[in-house]
Amino acid sequence: MKPIAIAIPLLFLVVQAQAQERRDIAGLSCAEVQALLKQDGTTVIRYRSIFNLSLTRYDLYVSGQKQCGPGEVATGAGVPTTDTDYCPVHRCIASNLFVAR
C-alpha cells in the first residue's frame, strides 16, 4: 500500500510537467510575448540564440513572483523578439534570501 501512496503524487507531478506549454516566439513582437506570459502565467519559451543562429534556447518564464515556488524569486530576464533584441520577461531562480533560520 505504501508504494501506491508514494506513486500517486509522483504521477501528478509528471502529468503537470508534461502539460507545460511550450511556445516558439519566432515572429512574435515583445508585446505579444508579454501578453502570452500574462495569459498563461508560466510558459517555456523557445527562441533562436542571437550569438549562434543554429542553436535553439529555451527556459521557463513567468508573468511574476506569484508563479514562483517556495524558495524562488522572480528575476528580470530578456528574450529576443522581432522588434527588439531584449524583451523584458521574468524567470524564477532559487533564493535563500527569505528562508527562516
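Let me begin with a definition: a residue is buried under 20% relative accessible area, exposed over 50%, and partly exposed in between, using a 1.4 Å probe and protein chains only. The model before you is predicted, so local features need pLDDT of at least 70 and side-chain atom pairs count only at pLDDT 80 or more, while totals for chains, interfaces and linings use all residues. Residues are numbered from 1 along each chain as its sequence is written, and side-chain values use heavy atoms, with hydrogens and water left out.

First, the overall fold. Helices (H or I, at least four residues) and strands (E, at least two) are DSSP runs, numbered from the N terminus. The protein chain has 2 helices and 5 strands, in the order α-β-α-β-β-β-β from the N terminus. Of its 101 residues, 24% count as buried. Contact means heavy atoms within 4.5 Å. Among contacts between residues at least 6 apart in sequence, 34% join residues at least 24 apart.

Next, the core. In soluble globular proteins, nonpolar side chains tend to be buried together. A nonpolar core here is a set of buried Ala, Val, Leu, Ile, Met, Phe, Trp, Tyr and Cys residues joined through side-chain atoms within 4.5 Å. The largest one holds 11 residues, including Ile-25, Cys-30, Val-33, Tyr-61 and Val-89. At least two of its residues come from each of α2 (30-40), β2 (42-48), β4 (72-79) and β5 (87-94). Helix α2 supplies the largest share, 3 residues. Beyond its neighbours within four places in sequence, Val-33 is in contact with Ile-25, Leu-28, Ile-45, Val-79, Thr-81 and Val-89.

Which residues of α2 are buried? They are Cys-30, Val-33, Leu-36 and Leu-37. Viewed down the helix axis, these buried residues fall within an arc of 125°, so they line one face of α2; the arc is that of the directions from the helix axis to the C-beta atoms. Their cover includes β1 (22-24), β2, β3 (56-62), β4 and β5. On the other side of α2, Ala-31, Lys-38 and Gln-39 are exposed. Ala-35, also found in α2, is partly exposed, with a relative accessible area of 41%. Its C-alpha lies 9.1 Å from that of Ser-63, 28 residues apart in sequence. Just after α2, Gly-41 takes a positive phi of about 85°.

Finally, the pockets. On a 1 Å grid over the protein atoms alone, a pocket is an open set of points where a 1.4 Å probe fits, with protein on both sides within 12 Å along at least five of seven lines; lining residues have an atom within 4 Å of a point. Grid points are joined across faces, edges and corners, and a volume is the space filled by probe spheres set on the points. The largest pocket has a volume of about 200 Å³. Of its 15 lining residues, Tyr-47, Arg-57, Gly-78, Val-79 and Pro-80 are the closest to its centre. Strands β2, β3 and β4 each give two or more residues to this lining, and β3 provides the largest share, 4 residues.

The second largest pocket has a volume of about 150 Å³. Its lining includes Ile-25, Leu-28, Tyr-47, Arg-48 and Thr-81.
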